[in-house]
Amino acid sequence: MKTSTPRALDLEPEDYPSLVMEACEALAEAGCRFRMGGFGQDDWGLDVGYDLSAVVEQLPEVLTALRAGSTAELDIYAQGVERSLVFEPRQSIVIVRCFSQTSWVPIPDQIEQERSEVVAMLEKLAHAFGEAISVADPGIGKWHPFDLWRRGIV
């Protein structure tokens, strides 16, 4: 376990993407793993340092949209994976569509799930992220919003 200050000298606390990249680098160095799959492929082969960073950067916006009943998009832009998940709320359900920008074809290309379950799954990811970074690097774990996520405030 180590304690860090931001490595980039020009890092501003309000620079959320930079904070997420810093946190994901610390998680990768600590040996954390990240697994995401679905639409006919159990494991998309994503990594913590780059791919998790892309997901977590988009997490607040996706959660805000879903809670408001608005459409949201989550881009997984890692080379070789290159897919997007589009969340379309319809009352109490969400239709999740998967779009591939590679030769891989999602089967099925859409699923339907309770909106509350999708929101809970994304909140659980944020909470687990907050807990993991507080252990892997307590200095980073104190940064906003990771400190709130660790306490279950997502």
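**Strands**

I began with strand 2 and strand 3 (residues 93-100): eight bridges join them, and they run antiparallel. I take strands as DSSP runs of E with at least two residues, and helices as runs of H or I with at least four, numbered from the N terminus. Two strands count as paired if DSSP finds at least two bridges between them. The model is predicted, so local features need pLDDT of at least 70 and side-chain atom pairs count only at pLDDT 80 or more, while totals for chains, interfaces and linings use all residues. Residues are numbered from 1 along each chain as its sequence is written, and side-chain values use heavy atoms, with hydrogens and water left out.

I looked at the turn next. Two residues lie between strand 2 and strand 3 in their hairpin, and Q91 takes a positive phi near 60° there.

On to strand 1 (residues 72-76). Five bridges join strand 1 to strand 2, again antiparallel. I76 has R83 as its bridge partner in strand 2. This hairpin has six residues between the strands, and G80 takes a positive phi near 95°.

How covered is strand 2? I found seven of the eight residues in strand 2 (residues 83-90) buried. Buried means under 20% relative accessible area, exposed over 50%, partly exposed in between (1.4 Å probe, protein chains only).

**Salt bridges**

I counted a salt bridge where a side-chain nitrogen of Lys or Arg is within 4 Å of a carboxyl oxygen of Asp or Glu. The count comes to five.

I stayed with E88. R97 forms a salt bridge with E88, with the closest N and O atoms 3.0 Å apart. E88 counts as buried at 15% relative accessibility. R97 is partly exposed, at 21%. E88, R90 and R97 are linked in a network of salt bridges.

Which residue does E123 pair with? I found R67, with the closest N and O atoms 2.6 Å apart. This pair links distant parts of the chain: E123 is in helix 3 (residues 115-136) and R67 in helix 2 (residues 48-68), 56 residues apart. E123 is partly exposed, with a relative accessible area of 27%. R67 is partly exposed as well, at 40%.

I then checked D147 and R151. Their side chains meet in a salt bridge at 3.9 Å, N to O. D147 is buried at 18% relative accessible area, whereas R151 is partly exposed at 48%.

**Helix packing**

I turned to helix 1 (residues 16-29) against helix 3. They pack at an angle of about 65°, with their axes 9 Å apart. Axes are lines fitted to C-alpha atoms, for helices over the stretch in contact, and angles run from 0 to 180 degrees between N-to-C directions. Helix 1 and helix 3 are therefore roughly perpendicular; angles under 35 degrees count as roughly parallel, over 145 as roughly antiparallel, 65 to 115 as roughly perpendicular and the rest as oblique.

Which residues meet here? I noted A23, C24, A26 and L27 in helix 1 with F129, A132, I133 and A136 in helix 3. Contact means heavy atoms within 4.5 Å.

Last, I looked up G139, which lies in helix 4 (residues 138-141). G139 is buried, with a relative accessible area of 11%. The C-alpha atoms of G139 and A23 are separated by 9.8 Å, and the two residues are 116 residues apart along the chain.
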